[in-house]
Amino acid sequence: MSEPVANQDIETLFSEQRRYPPPPEFTKQANAQPEVYGKGLEEFWREEGEQRVTWSRPFDKVYEWEPPYAKWYIGGKLNVCYNCVDRHVEAGNGDKVAFYWEGEPSEERRPLSFAELQSQVVRFANGLKKLGVKKGTPVGIYMGMVPELPVAMLACTRLGAPHTVVFGGFSADSLSGRMTDMGCEVLITQNEGWRRGSRVPLKKTCDEAMAQAPSIKACVVYRRTDGEVNMEAGRDVWWDELLQDTSDDPNSCPCEEMDSEDLLYLLYTSGTTAKPKGIVHTTAGYLVGVATTHHYIFDVKPDSVYWCAADVGWVTGHSYIVYGPLCNGTTGILYEGTPDYPDKDRWWSIIERYKVDILYTAPTAIRSHMKWGPEHARKHDLSSLRVLGSVGEPINPEAWVWYHENIGGGRCPVVDTWWQTETGMILITPLPGVTTLKPGSATQAFPTVDAAVYNEHGEAVPHGGGGYLVIRQPWPAMLRGIHRDHERYVQTYWSKYKDTYLVGDGARVDEDGDFWLLGRIDDVMNVSGHRISTIEVESALVDHPKVAEAAVCGRNDPATGQAIVAYVTLKGGDEGSPEMLSELRTHVGQRIGKFAAPANVVFTPELPKTRSGKIMRRLLRDVAENRALGDTTTLADPTVVDELSRRGREEAAKGDA
Ligand code: WT7
C-alpha cells in the first residue's frame with residue numbers, strides 16, 4: 001500500500017508490484033522496436049500512411065488540426081474495400097485464408113479465402129446496386145457473426161456507401177433509433193442467428209424496427225437457418241435471390257474512389273444514460289490508424305492466425321476483426337457463438353484447431369474462464385499462442401496473471417489495450433517486445449499519442465497522481481464528431497479543457513509514467529472525502545483467492561458521504577457467509593486501507609452486465625440505494641437485477657438489525 005499523493009483528484013492506493021520484462025527472443029523478432037517511439041507525429045504517420053495503404057491519389061498533407069476537428073491525409077484518394085480485399089488478390093494472395101469461420105453449431109465451419117471474399121463482396125455490391133445503393137447511401141446492418149457480415153460491410157465500402165452496424169443483441173427500439181438518426185435506406189439482416197443453441201429472431205426485430213423507421217426502403221435477409229420469417233413484398237428480399245445473375249467479376253463493380261475524409265461509417269455508442277451518439281469515422285485516417293496499430297501491437301506476421309474474439313457489432317470488431325486485419329492481409333478467425341457452447345472449452349478447441357497465435361479478448365471473458373477453472377484450457381494444445389490482448393475495461397491484476405499463466409503458458413506478452421469507440425484505434429498499450437508489462441496497467445501511449453492525466457485545473461498531475469485522462473494531439477482514427485450534433489461533441493469532449501480531448505476515464509500515472517485506467521469518471525466514489533476508484537476496490541476483492549468477480553459502487557451515506565457496496569461472485573458457486581463477508585472487508589482493508597472496506601457485501605451468482613460485458617454500475621447504484629431501477633433494456637440478462645435487488649434488501653435488513 002502506498003501513501004496518498006497530494007495535488008491529485010482521484011486517490012490511488014492499490015499498488016501492484018509484479019513486472020514482466022519482454023522476453024529477449026520475442027524482442028529480436030518483434031515488429032515494434034524501441035525506435036518507433038522516437039518519431040514525430042507527422043513523420044511517423046506520413047511513413048505509415050505511405051506504406052500501409054494503397055492510394056489511387058497520394059495525399060498532399062499529413063494532417064490539419066483545427067480543434068475540435070482534425071483532417072488526415074488531405075487530398076488523398078483511396079478505397080477501403082480495395083485495400084482490404086482486391087489488392088491482396090492482385091498481389092497473388094487470393095488463396096490465403098481471410099477468415100476461418102466457426103459456426104456456433106459445433107460441426108459448422110468453413111474457410112474463406114481472399115479470392116472468395118472478393119467474389120462474394122463484388123456480387124453483393126452488385127446486388128446492393130440493384131436496390132439503388134450508391135456512393136453516399138446510408139446502410140444499416142443488423143447481423144450475427146457470419147462471414148456475410150464483413151461481406152456486407154466491405155460491399156458498402158466498395159460502393160462508397162457509409163454503414164452503421166448495430167450489434168445483433170440490441171432491441172427493436174435501439175435499432176430503429178439508429179436507423180432513423182442516420183437515415184438508413186437499406187437494412188441488411190439474417191432470418192435468425194444462433195446463440196447458445198437457441199435462435200435469435202433477427203428479422204423479426206428488424207420488422208418491429210422498420211415499422212418505426214420510415215427511411216428504410218429495402219431489407220436484405222441472409223438465410224442463416226431454416227426458420228420461416230415474414231417477408232414483405234416490395235421491401236424484403238432474400239440475400240441469395242438478390243445475388244441471382246450478379247457478376248463476381250471485380251470489373252463489373254469497380255471500387256469507388258473516395259476522399260480521405262469521406263464518411264466510412266457511424267457507430268453508435270450505447271452510453272449508460274441518454275440518447276446514443278453516432279460516432280463519425282472517416283476513410284483514410286481510420287484505415288491507416290487501425291492497420292498500423294494492429295501491425296505493431298499484436299506483432300502480426302504474414303503467417304499469423306489472429307483471433308479477436310469480440311463481436312463485429314462493437315468498435316473492437318470493426319477495427320480489429322474487419323478493417324485493420326484485412327488491410328494488413330491477415331488470416332483471422334470469425335466465431336459465431338459464445339465461449340461456453342456447447343462446452344466451456346470451445347475457445348481452446350478453436351485455438352488448437354487453427355493454431356491461433358494471437359488472441360484478443362475482454363477482461364469479462366477472461367474472468368468467466370477464470371470462474372470456470374483452468375482445466376478446460378488444459379485439455380487443449382495452446383502452444384501456438386504468442387501474444388495475448390485485452391480490451392474493454394480495466395483488467396484486474398489477478399485476471400491478467402491468470403490469463404498470462406493459464407492461457408499464455410507464462411510465455412506470451414499480454415497487451416492491455418486502452419481505447420474507445422471515439423478513438424477508433426488503440427491509443428494506450430504496451431508494445432510486445434519493447435514494454436515491461438505490469439498486470440493491470442495499459443502502460444504507455446502508442447507512438448505519437450500525447451496522453452496525459454490532468455487535475456481539475458488542467459495541470460498534469462505528478463507521477464504517482466491520479467485524475468482525468470486527456471489526449472492533447474490529434475490521431476488519425478479519431479472521431480470526426482457526433483453525427484448531426486456539433487454541440488454535443490463540443491460539450492462532451494472539448495469543454496472541460498481547452499483544445500484537449502476529454503476521454504471521460506479516470507487514470508493515474510505511476511512513478512515510471514505508466515498509465516493505470518480507473519474506469520469512467522462517474523465510477524469514482526467519494527468516501528469520507530476520499531475519491532476512490534471502483535476498479536481499485538474491485539481488484540482488491542478479486543485478489544482474494546475465493547472471489548471470482550466483483551463489482552463495486554457507492555451509495556449515499558449520511559456519515560461518510562458515500563459508502564461502498566460490493567457485489568461479489570465467489571468461485572465454484574459458493575453462496576457466501578457472514579465469515580466470508582468479514583474476511584473480504586479485512587482483505588480490502590489490508591490491500592487498500594480500512595476506509596475502502598465495503599460497508600456492505602452482497603453475494604450473487606451473476607453480475608448485471610451489458611451485452612458487451614460491461615458491468616452496469618448505474619443499476620448497482622439503484623439497487624444499493626433501493627431506488628426503482630433505471631432502464632434495464634441493455635442488460636444481457638434482465639433477471640439478474642431482480643435477484644440482486646432481493647439480495648440487496650436482505651443484506652440491508654441485516655445491517656439495520
Ligand atoms: C471505454 C470505451 C475500445 C473497445 C471496447 C470498448 C473502457 C476500454 C480499456 C482498457 C481500461 C478500458 C474505458 C473506455 N476501456 N479499454 N484496456 N483498460 N478501460 O469501447 O464501448 O467505446 O468503451 O471502455 O472506460 O472509455 P467503448
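**Talking through a predicted model**

Biologist: Which residue follows α18, and what is its phi?

Modeller: Happy to start there, bearing in mind that this is a predicted model. Helix α18 covers residues 617-624. The residue that follows α18 has a positive phi, near 60 degrees, and that residue is N626.

Biologist: Why is helix α18 described as largely enclosed by the rest of the structure?

Modeller: A residue counts as buried when its relative accessible area is under 20%. In α18, R617, R618, L619, L620, D622, V623 and A624 pass that test. The helix is therefore largely enclosed, with a buried count of 7 of the 8 residues.

Biologist: What share of the whole protein chain is buried?

Modeller: Let's step back from the helix. The protein chain has 19 helices and 29 strands. Its radius of gyration is 24 Å, close to the 26 Å of the globule rule, so the chain is as compact as a globular protein of that length. Among its 657 residues, the buried share is 63%.

Biologist: How far apart are the end C-alpha atoms of residues 41-84?

Modeller: Good stretch to ask about! An unreviewed UniProt entry annotates it as "domain: Acetyl-coenzyme A synthetase N-terminal". The chain there is 39% helix and 32% strand, and its end C-alpha atoms are apart by 25 Å.

Biologist: How far apart do the centres of the positive and negative side chains lie?

Modeller: The protein chain carries 70 positive and 91 negative side chains.

Conventions: Residues numbered from 1 in each chain as written. Predicted model: local features only at pLDDT ≥ 70, side-chain atom pairs only at ≥ 80, totals over all residues. Heavy atoms only, no water. Buried < 20%, exposed > 50% of the residue type's maximum accessible area, 1.4 Å probe, protein only. Helix = DSSP H or I, 4+ residues; strand = E, 2+ residues; numbered from the N terminus. UniProt positions renumbered as here; feature names shortened; annotations may be inferred. Rg over C-alpha atoms; globule rule 2.2 N^0.38 Å. Lys, Arg positive; Asp, Glu negative; His and termini not counted. Charge placed at Lys NZ, Arg CZ, Asp CG, Glu CD.
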